[in-house]
Amino acid sequence: MFSFNMFEPHVGRVFQNRFSTQYRCYSVSMLAGPNDRSDVEKGGKIIMPPSALDQLSRLNITYPMLFKLTNKNSDRMTHCGVLEFVADEGICYLPHWMMQNLLLEEGGLVQVESVNLMVATYSKFQPQSPDFLDITNPKAVLENALRNFACLTKGDVIAINYNEKIYELRVMETKPDKAVSIIECDMNVDFDAPLGYKEPERHMQHPEEPTEEETDPSNYDMDLGFRAFTGSGNRLDGKKKGIEPSPAPLDPSDIKRGIPNYDFKIGRITFIRNARQQPRKIEIDDVASNFIAFSGEGQSLRKKGRKP
C-alpha cells in the first residue's frame, strides 16, 4: 500500500514545472578526470549528473536554470546555477565556499530544487579582510569575478580569486529580493567597510605659540657677508702672539628680520624692482634748432706767408 524510497535518495521526485531531488555532494577536488576543474571553484555553479538534465528537459522550466540548495540538517540554504551535467549518478559537485555556507561535509545530502529568481538591481558586499583594500580597482575585479556566478543570496560568503589570492566577501544586501539572478543584468554594486578595518585617527594641528628660543634675538639669522677688519693679522717675526682677532661688536643692522608691508591691500600684488636710471636722450628737435648751415671754419692748403 505504501512505498518509501529509502535507499535511493538521488531519484528525483517530479512535480509539475518543478525539479526537486537529493544528491550526495562533494567538493570539486573529488571530481575524477584528467582535466583540472579549478574553474568551478572560482564561480557559483555546480556540476550535476546527466539524469538531472533528462528530467529538466521534460519539465516546462524557465531558463537559465537556477537551483536552490538546502541542507536540512543545519537549515542552511543558498542558490546556484549549473555548469555541466557530467557528474556520476546520485552525486553533485559544489565549490568549496558553497559547502562551507551550507555546513556540508564530503558526502553529505543536499536538496536541489529548481527556482525562478528576479533579476538583480543592487547588491552590497563586505570584504572579510582589510587586504581587499590593497586592490587598485575593487569594483572592476568583482565585476569580472561575478561573471562566473549565476545568482546571489543574502548572507552568503562568496570567494573570488585575484592575483593568486582568495578574497572572501559577504553578501550584505540584494535587491529586489533576498536571492537574485545576476545573469545579463545591470546591477549597482556597493561595498561596506571590511571586517576588522579601523579608520585612521586624524590629529588636529593647533597653531603653537612661539617659544622663548624663537623670540630670542640671538637666534635670528645673521648677515654672514663681508665685514671689514674682522680677520687676523700676521707678524713679520713669525710669532702668533697678539694676532688673535678681537670680537667685533654686533651691529643691529646685521640682524635680518622681515619687515611687514603696512600698505598691503587685499587683491593687490606689488612688484618692487631696482631699476637703473636711464640716460637722458637728446631730442632731435633741439639739435635741429641749433644747427646752422656753413657755419664752420675753412682751411687752406697753401701755407701762409708764401706767394703763389
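Biologist: Let's start with Cys25: is Cys25 buried or exposed?

Modeller: Keep in mind that this is a predicted model. Buried here means under 20% relative accessible area. Cys25 has 0% relative accessibility, so Cys25 counts as buried.

Biologist: Which cysteine sulfur is nearest to that of Cys25, and how far away is it?

Modeller: A disulfide would need the two sulfur atoms within 2.5 Å. The structure holds zero disulfides, and Cys25 is in none. Its nearest cysteine sulfur is 5.6 Å away and belongs to Cys92.

Biologist: And Cys185, is that one buried, exposed or partly exposed?

Modeller: The in-between class runs from 20% to 50% relative accessible area. Cys185 has a value of 27%, so it falls in that class: partly exposed.

Biologist: Asn71 sits in strand β4; which backbone oxygen does its side chain reach?

Modeller: Strand β4 covers residues 66–71. Asn71 has a relative accessible area of 3%, so it is buried. Around it, not counting residues up to four places away in sequence, are Arg76, Leu102, Leu103, Leu104 and Leu109. At 2.7 Å, its side chain reaches the backbone oxygen of Leu102.

Biologist: How are the buried residues of α3 placed around the axis, and what covers them?

Modeller: Helix α3 (residues 138–145) has Val141, Leu142 and Ala145 as its buried residues. They span an arc of only 95° around the axis, so they lie on the same side of α3. Their cover includes β9 (122–127), β11 (157–162) and β14 (188–191).

Biologist: Last one, on the whole protein: what percentage of contacts between residues at least 6 apart in sequence join residues at least 24 apart?

Modeller: The protein has five helices and 14 strands. Buried residues make up 30% of its 308 residues. Of those contacts, the share joining residues at least 24 apart is 75%.

Note on methods: Residues numbered from 1 in each chain as written. Predicted model: local features only at pLDDT ≥ 70, side-chain atom pairs only at ≥ 80, totals over all residues. Heavy atoms only, no water. Helix = DSSP H or I, 4+ residues; strand = E, 2+ residues; numbered from the N terminus. Buried < 20%, exposed > 50% of the residue type's maximum accessible area, 1.4 Å probe, protein only. Polar contact = N/O pair within 3.5 Å; in protein donor to acceptor, adjacent residues only side chain to side chain. Contact = heavy atoms within 4.5 Å. Arc of directions from axis to C-beta.
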